[in-house]
Amino acid sequence: MAEETRHNRLELSATPRAPYQARQHVRKTLANWGHHHLIETAELVISELTTNAVTATQHLPTPADATLAAPAHIWIDLYQGPTFVLLEVWDPSPERPHPRTATPDEEGGRGLTLVAQLTTHWGYRPLPGGGKITWALLELDRSRAD
C-alpha cells in the first residue's frame, strides 16, 4: 500500500518568537504523523532555519512608508513522503544562506553547520516571485515502530 504524501504549513510573523512557534508546530505535526523519534532533531533543525529566516528578514530594507507596518512573515512547511520528512522555511530575503566557521567566542554562526550534520541533505532555492526556501531532509527509519 503506497503512503500518501502529507503536508502541513504555518505562517509566522518574523519576530524573535518565531523559532519557538516553529518548534511547537513541528513537535505537534510529527507527533500527529507518528514520527516521535524525529521530533528532537526536527525541532533543532527548524529552530535554526527559522532563526536564520527571521534574521534575514530583519536585514531587509524597510520602505519609507512602513512606519506602522506589521512585521514581515515567514512560512514553515513540513512534507512527509514515503521515506523522508522535508522541512522548508520561506523568507522574503534573496540572500543565499551559507554556513560560517564561527570562532569559539562567537555566540552564533553554527546553525547551518549543525543542520548539515543532523540531516541527510539541506539546501536552498531562490524563488522567481521573490525570497527563498531553505530546506532540510530527514530520512525516515522505516524499521522504527512509533
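This is a predicted model: local features need pLDDT of at least 70, side-chain atom pairs count only at pLDDT 80 or more; totals for chains, interfaces and linings use all residues.
## A tour of the salt bridges

Begin by selecting E88, which is buried, with a relative accessible area of 5%. Show the two strands next, since the pair links distant parts of the chain: E88 sits in strand 3 (residues 84-91) and R125 in strand 4 (residues 121-126), 37 residues apart. Now colour R125 by accessibility, and you will find this residue partly exposed, at a relative accessible area of 35%.

Move on to R9 and D77, which form a salt bridge whose closest N and O atoms are 2.8 Å apart. Here too the pair links distant parts of the chain, with R9 in strand 1 (residues 6-13) and D77 in strand 2 (residues 73-80), 68 residues apart.

For the next stop, select R27 together with E43, a salt bridge in which the closest N and O atoms are 2.8 Å apart. The partners belong to helices, R27 to helix 1 (residues 18-32) and E43 to helix 2 (residues 39-58), and this pair, 16 residues apart, again links distant parts of the chain. R27 is partly exposed, with a relative accessible area of 38%, whereas E43 counts as buried at 11% relative accessibility.

The stops above are among the four salt bridges that a search of the whole structure finds.

Notes. Residues are numbered from 1 along each chain as its sequence is written. Side-chain values use heavy atoms; hydrogens and water are left out. A salt bridge is a side-chain nitrogen of Lys or Arg within 4 Å of a carboxyl oxygen of Asp or Glu. Helices (H or I, at least four residues) and strands (E, at least two) are DSSP runs, numbered from the N terminus. Buried means under 20% relative accessible area, exposed over 50%, partly exposed in between (1.4 Å probe, protein chains only).
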